[in-house]
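Please find below a colleague's note on the structure shown here. It is set out as numbered points for discussion.

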Amino acid sequence: EDAFAKMSPLAQLTAVPTTCKLPPILLMHGTHDTVIPVEESEMFWSQLQKRRALEDEHDASKQLRDVFIKVQGATHGPLHYPCVVLSCFAKCGCYF
């Protein structure tokens, strides 16, 4: 369990010094995911936003923007909802 905690996205996020600027992050999570609860992504998103606020103190340009898409009714993994993913990209103007 401890090894999993150390490798979690949240642990990885907090391990990087705030003086290092992270790239934009696209976070997508199905609301009916039974493998990883959507609350895990919500917690990560919350911490990411706090992290971005600290980064913004060092860089006034604020050019990097993250996107969190909750895919309604989707289960685990993007292969289960490719059309929904493309639709979400088009709606939010996400082109990575």
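The points below pass from the basis of the model to its fold, its core and a few individual residues.

1. Basis of the note. This is a predicted model, in which local features need pLDDT of at least 70 and side-chain atom pairs count only at pLDDT 80 or more, whereas totals for chains, interfaces and linings use all residues. Residues are numbered from 1 along each chain as its sequence is written, and side-chain values use heavy atoms, with hydrogens and water left out.

2. Confidence. The chain has a mean pLDDT (the predictor's confidence in each residue, from 0 to 100) of 80, and 70% of its residues reach 70 or more. Where pLDDT is low, the predicted coordinates should not be read in detail.

3. Secondary structure. The chain has four helices and two strands, taken as DSSP runs numbered from the N terminus (helices H or I, at least four residues; strands E, at least two). Read from the N terminus, the order of elements is α-α-β-α-β-α.

4. The strand pair. Strand 1 (residues 26–30) and strand 2 run parallel and are joined by five bridges; strands pair if DSSP finds at least two bridges between them. Within this pairing, His-29 stands opposite Lys-70 of strand 2.

5. The two faces of strand 2. In a regular strand the side chains alternate between the two faces of the sheet. In strand 2 (residues 67–71), Val-67, Ile-69 and Val-71 form the covered face, while Phe-68 and Lys-70 form the uncovered one. Val-67 is buried, at a relative accessible area of 19%; buried means under 20%, exposed over 50% and partly exposed in between (1.4 Å probe, protein chains only). The C-alpha atoms of Val-67 and Trp-45 are 9.1 Å apart, although 22 residues separate the two along the chain.

6. The aromatic pair. How many aromatic pairs does a search of the whole structure find? The search finds one. The ring centres of Trp-45 and Phe-68 are 5.5 Å apart and their planes lie at 40°, so the pair is tilted. Rings of Phe, Tyr and Trp (its six-membered ring) pair if their centres lie within 6.5 Å; planes under 30 degrees apart count as stacked, over 60 as edge-to-face and the rest as tilted. Because Trp-45 belongs to helix 3 (residues 38–58) and Phe-68 to strand 2, the pair ties together parts 23 residues apart in sequence.

7. The nonpolar core. The largest nonpolar core has six residues: Leu-13, Leu-22, Ile-25, Leu-27, Phe-44 and Leu-48. Such a core is a set of buried Ala, Val, Leu, Ile, Met, Phe, Trp, Tyr and Cys residues joined through side-chain atoms within 4.5 Å. Leaving aside neighbours within four places in sequence, Phe-44 is in contact (heavy atoms within 4.5 Å) with Pro-9, Leu-10, Leu-13, Ile-25 and Leu-27.

8. Two loop residues. Gly-73 is placed in the loop between strand 2 and helix 4 and is partly exposed, at 41% relative accessible area. Beyond its neighbours within four places in sequence, Gly-73 is in contact with Thr-31 and His-32. Ile-36 lies in the loop between strand 1 and helix 3 and is also partly exposed, at 36%. With neighbours within four places again left aside, Ile-36 is in contact with His-29 and His-76.

9. Chain totals. Buried residues account for 25% of the 96 residues. Of the contacts between residues at least 6 apart in sequence, 72% join residues at least 24 apart.
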